[in-house]
Amino acid sequence: MKANIKMITTMMLVLIMASCKNKDDRMLTVINADGTCSREYTFHTTQQWLGIPPEEDYDSIVDKTWERSWSVLGADSVRYPVPLTEAQLDSMQALDLSRPLGNMLMVHAKKNYKSVEEMSAEIYTAERSHLIKAEGIKASSKLEKRFKWFYTDYTFSETFAREDTTLFPIPLSQFVSADTASYWFTGHPDLTQGLCGAEQKEMLDGIEKKVGQWTNANWFYEICNVILENYDKVQNPPVSKERFASVRDSLVMLPCVLNADEEGFIMEGVHSPFEKIFQTDAYTQFLHSYEGGLGQYKQLLSFGTSYDLVMPGRVLDVGMGQYDGEVIHYRLGDERMIPGDYTITATSRVTNVWAFIVTFLVIVLAIGSFFVQRIHLK
């Protein structure tokens, strides 16, 4: 399949190592004490998109119901209303920017929601200077309030899941434990506690090898599927289509497959696992002439952003995030959903000032009532 196999192999390897699609893209979620919320997407854009006035639809999703503004990355933190004017564009040309202006324009698209459930029902991702619906991703949110008189605790959680749970036909659990898989793709639980640097490297090298074998097994499985779907095009196959299908699951677990590097799947000669297994180049020759591709992994790299969260009151717990004193920062991307659903959660506390006032008044009234009674007794 010429460059297609190599391309998809590279995509899978990038998926394992990647964190976010674009470090400048951000998704800001703000939770309010009354249960309402807002979500703002920040991403790269172009002067053409910023030139569209607010009364016109930005695109099929970000229309005039969204609040839009723009800024220059790295220049200042000031935001400007849309549209971008010719005068503003001319003034920016004189800025001493580290990158071309076309790479520095950021758009901020914000929408308010009545509830977190309504917000999670609309998940988007940035692509080609505008927002699109996140393909194959679903999200669900929950906001819990615990009233404790002097204060109210708020716990917000948002779970991201992949709609297609059968994306990888060979499960990761066949190679590593659930905790190991979670640590490799999400960083939690931390399995390196108490280990020295050399011990950590040994552990990580072992996990990387196992995850690489899992990648190879799934990759080889999908190549086998391509062959099965086009079996009539294979010249002089060594076994029947039915036989090939019956041994596919065992083939993917052979050492020559699990331990093959990414080039080994498409190289000619003895490096091809098919040639090692079947002692013929029939399948290799077909794959080199195949014009199609493996599209099912394409969506794996379509979702990735930095997730920022603002909670009401004083932050108590940030889960897997990092708190800078104002905003909680999380990392969100496709690879974090490989082991399973990925949940972002945080807890904060809002002081009920009115409760202190009411309590103070009750105490004052009680004390006053006590002295009044003593005066009457005298």
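Tutor: Gladly! Of the contacts in the chain with a separation of 6 or more, 69% are between residues 24 or more positions apart; contact means heavy atoms within 4.5 Å. This is a predicted model, where local features need pLDDT of at least 70 and side-chain atom pairs count only at pLDDT 80 or more, while totals for chains, interfaces and linings use all residues. Residues are numbered from 1 along each chain as its sequence is written, and side-chain values use heavy atoms, with hydrogens and water left out.

Student: Why is Thr-29 called buried?

Tutor: Buried means under 20% relative accessible area, exposed over 50%, and partly exposed in between, with a 1.4 Å probe and protein chains only. Thr-29 has 0% relative accessibility, so the label buried applies. Thr-29 sits in strand β1, residues 26-31; strands are DSSP runs of E with at least two residues, helices are runs of H or I with at least four, and both are numbered from the N terminus. Beyond neighbours within four places in sequence, the contacts of Thr-29 include Ser-38, Phe-156 and Tyr-307.

Student: What makes β8 and β11 edge strands?

Tutor: Two strands pair if DSSP finds at least two bridges between them. The open sheet has four strands in the order β8-β9-β14-β11, with antiparallel pairing. β8 (137-147) and β11 (314-317) each have a single partner strand, so one side of each lacks a neighbour in the sheet.

Student: How do you know that β9 and β14 pair?

Tutor: Strand β9 (residues 151-162) and strand β14 (residues 342-351) are joined by 10 bridges and run antiparallel, which meets the requirement of at least two bridges. Phe-160, for instance, has Tyr-342 in β14 as its bridge partner.

Student: What makes a set of residues a nonpolar core?

Tutor: Its members are buried Ala, Val, Leu, Ile, Met, Phe, Trp, Tyr and Cys residues joined through side-chain atoms within 4.5 Å. The largest one here has 47 residues, and Trp-66, Phe-156 and Phe-160 are among those touching the most other members. Apart from it lies another core of 37 residues, including Val-211 and Tyr-283.
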